[in-house]
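Student: I have the sequence and the coordinates open now. Could we go through the structure together, one topic at a time?

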Amino acid sequence: MENVFLAVDLLFDFNVAIAILAGVIFGMIMGVLPGLGSILAITIALPFTFAMDPVPSIALVLAIYCSSVYGGSVSAILINTPGTPQSAATMLDGYPMTLRGEASEALGWATVASLFGGLVSIVVLVIAAPQLARIALQFGPIETFSLICMALTCIAAVSTGTMLKGLMAGIIGIFLSLIGTDPMTGVPRFDFGFFQLSGGLGLVPVLVGLFALAEVLSRMSSGKTVPIQVNEKIGLGIKIAPLSEWLLRKGTLIKSSLIGTFIGILPGTGAATASFVAYAEAKRSGKFKENFGKGEPEGIIASESSNNAVTGGALVPTLALGIPGDPSTAVLMSVLIIQGIQPGARLFVDSGDLMMAVFLALLICNLVMFVIGFYGCRFATKVLSMPEGMLLAMVTVMSLVGAYGVNGRTFDVFVALGAGVFGLFLRYCSVPVAPVIIGFVLGASLEESLRQGLILNDGNFLSFFHFNNPIALVLIIMTISLIILAGWREWSLTRQLKTDAKPNGE
Amino acid sequence: MPMHIRNRLMSAVMFLICIVFFYELRRPKYSASVFLGQGFDPAMFPRILLWAWAAFSIVIFLTSFSQKNRFTADQGIDIKIAKITIFVPLVLIYGLLIQPVGFIISTLFFMILFMPLAGYTRLLVSIPTALVFTVSTWWIFTSVLGISLP
């Protein structure tokens with residue numbers, strides 16, 4: 001209880017209020033713009049967190065995270081283009097409602113469902129994260145190594161269709177994290193004579209380059225600058241349906257929120273998967289299943305409550321174990337690291353008040369998102385008419401300021417640019433970029449735990465799989481199972497595509 | 001360029017990068033400090049990763065020749081090299097000029113040059129936008145957030 005009072009004290013600050021408000025507005029705008037999404041939104045906001053205290057900076061990032069997922073639904077409903085992949089399922093019933101002249105009602109269903117999903121996931125986060133952290137406190141280096149190996153299997157999950165390339169990208173990410181002085185021997189590794197590299201590659205320049213600059217480069221080079229047409233009449237406001245209508249669909253609302261939360265906890269799945277799983281489940285078991293795809297609010301409820309529930313779910317492994325649940329939380333984790341906070345089990349013991357502040361901040365973010373969404377989402381659509389050339393220029397400047405601002409070094413700007421060109425090359429070759437970041441964030445801990453484990457066991461690697469370490473053994477078995485599952489999924493996808501291609505004579 | 005050619009190009013580039021890093025690992029500093037790492041030299045883990053990296057490159061290269069491998073969800077983006085060759089040096093020059101010229105002037109010129117390249121040619125709008133954005137960004141960072149920009 002003491003932590004709650006301390007957390008309230010931490011949150012009762014003007015800077016926190018401004019951070020949440022600004023984060024929600026910015027996140028919603030970034031979510032509305034098709035193709036930008038949560039990761040880019042958080043990446044662009046990174047430089048603002050450098051000079052902030054931990055609580056306002058975390059609040060800012062959480063606000064962006066939640067509201068960008070919600071923002072994607074606005075463009076999905078109004079212009080039939082999901083702002084983020086997470087909102088693709090919302091489009092299926094949201095846009096038909098818009099065509100019927102019920103855009104305000106559709107936005108109302110989406111806004112309330114998003115809030116509900118977010119709140120359910122916070123409850124699960126508050127209950128599950130400390131329990132998980134308590135178990136993780138018993139972890140030694142071998143268990144930590146096994147846990148990180150399991151977390152890395154999410155690379156396979158985010159690389160569906162290109163698994164080999166995804167795994168290679170993960171290895172590249174881990175390798176990049178090793179550049180710099182070896183913490184055990186003090187030997188500078190792979191610095192190639194550049195003293196700036198002896199401290200390693202900065203997380204922010206690499207993030208900014210791989211996500212933001214690579215996105216700018218790819219949009220610049222593809223030349224897709226077609227302005228989006230927004231019908232002025234459709235974004236006139238939000239109407240919330242009466243309670244009786246909600247009660248008819250309460251089963252889907254609760255079920256989808258739980259699906260989203262659970263999928264969020266699983267490594268590498270993310271909100272896009274959650275929304276489609278929840279939508280499919282609602283289509284199978286919903287009260288109005290026969291109307292799905294024709295503008296049925298239950299479809300919007302399923303998609304929106306589940307994709308927003310992922311935000312809290314994905315924070316469970318991120319905060320409790322220091323293992324990001326998806327690429328967005330990997331970027332979010334970097335904000336904590338920049339603030340000098342190492343996510344993991346010790347966080348709940350050493351900074352219980354801070355963790356409680358995070359939970360409460362997430363709750364406030366969801367409530368503010370609801371209010372801003374209610375009154376402001378019609379204005380957010382105005383951003384859609386912003387010229388892309390202007391937007392890209394602003395994103396580039398913010399990204400480079402972010403890269404420069406960490407240490408005030410021009411060298412970091414070049415690292416960001418190099419990472420941007422590398423990111424573009426990876427996209428050109430259809431190599432997923434998210435595994436590079438996941439590997440980069442987890443790489444140093446993976447090496448440290450491996451080497452510590454080997455020293456403790458006289459260099460015997462097989463002892464990692466011994467019955468003396470039951471938790472590690474279970475985690476390794478789970479890792480192998482997840483890899484087999486991902487391999488099977490990849491194989492069936494390839495087979496499916498092959499079957500689909502055959503009728504065309506290929 | 002078809003995807004299987006891109007795959008070959010990418011795996012060849014990756015393999016070359018691996019060779020460069022393998023060569024770097026041959027330097028004496030990596031093996032001279034074994035005793036400091038209690039029996040494990042600082043090259044141990046990178047070496048494992050490099051082997052895996054090289055192995056994946058080879059497998060991707062070989063599978064690019066397989067006909068059945070063409071049926072995948074593999075779809076890269078298309079890029080126009082001409083635009084990239086203008087954009088990348090522009091960012092490079094911008095990065096070089098931030099320190100000596102200062103944030104405001106370098107950013108202003110960068111944005112004014114960038115917007116037409118990105119397809120927005122209305123100078124009457126882009127110049128005031130660049131000016132307002134640059135000055136407000138500088139003000140937010142230096143005065144509100146306390147982060148010094150040159």
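Student: Let me start with one residue: is Asp412(A) buried or exposed?

Tutor: Asp412(A) is buried, with a relative accessibility of 1%, where buried means under 20% relative accessible area, exposed over 50% and partly exposed in between, computed with a 1.4 Å probe on protein chains only. Before we go on, please keep in mind that this is a predicted model, in which local features need pLDDT of at least 70, side-chain atom pairs count only at pLDDT 80 or more, and totals for chains, interfaces and linings use all residues. Residues are numbered from 1 along each chain as its sequence is written, chains are lettered from A and ligands numbered from 1 in the order in which they are written, and side-chain values use heavy atoms, with hydrogens and water left out.

Student: OK, and which residue does Asp412(A) form a salt bridge with?

Tutor: The partner is Arg409(A), and the closest N and O atoms of the two are 3.0 Å apart; a salt bridge here is a side-chain nitrogen of Lys or Arg within 4 Å of a carboxyl oxygen of Asp or Glu. Arg409(A), at 26% relative accessibility, counts as partly exposed.

Student: Which residues are linked in a network?

Tutor: Asp182(A), Arg189(A), Glu447(A) and Arg451(A) are linked in a network of salt bridges. Within it, Arg189(A) pairs with Glu447(A), the closest N and O atoms being 2.7 Å apart. That pair links distant parts of the chain, since Arg189(A) lies in strand S2 (residues 188-189) and Glu447(A) in helix H20 (residues 434-456) of chain A, 258 residues apart. Helices (H or I, at least four residues) and strands (E, at least two) are DSSP runs, numbered from the N terminus.

Student: And how far apart are the closest N and O atoms of Asp182(A) and Arg189(A)?

Tutor: For that salt bridge the closest N and O atoms are 3.8 Å apart. Asp182(A) is buried at a relative accessible area of 1%, Arg189(A) is buried at 2%, and Glu447(A) is buried as well.

Student: What about Asp191(A), what is it in contact with?

Tutor: Leaving aside neighbours within four places in sequence, Asp191(A) is in contact with Leu197(A), Ser198(A) and Lys29(B). Asp191(A) is found in the loop between S2 and helix H10 (203-222) of chain A, and is buried, with a relative accessible area of 10%.

Student: Pockets next: what lines the second largest pocket?

Tutor: That pocket is lined by 30 residues, of which Ala22(A), Phe26(A), Phe48(A), Met398(A) and Ile140(B) lie nearest its centre. On a 1 Å grid over the protein atoms alone, a pocket is an open set of points where a 1.4 Å probe fits, with protein on both sides within 12 Å along at least five of seven lines, and lining residues have an atom within 4 Å of a point. The lining divides into 25 nonpolar, 4 polar and 1 charged, counting Ala, Val, Leu, Ile, Met, Phe, Trp, Tyr, Cys and Pro as nonpolar, Asp, Glu, Lys and Arg as charged, and the others, Gly among them, as polar.

Student: Which helix gives the most to that lining?

Tutor: H2(A) gives the most, with 8 residues.

Definitions and conventions. Contact means heavy atoms within 4.5 Å.
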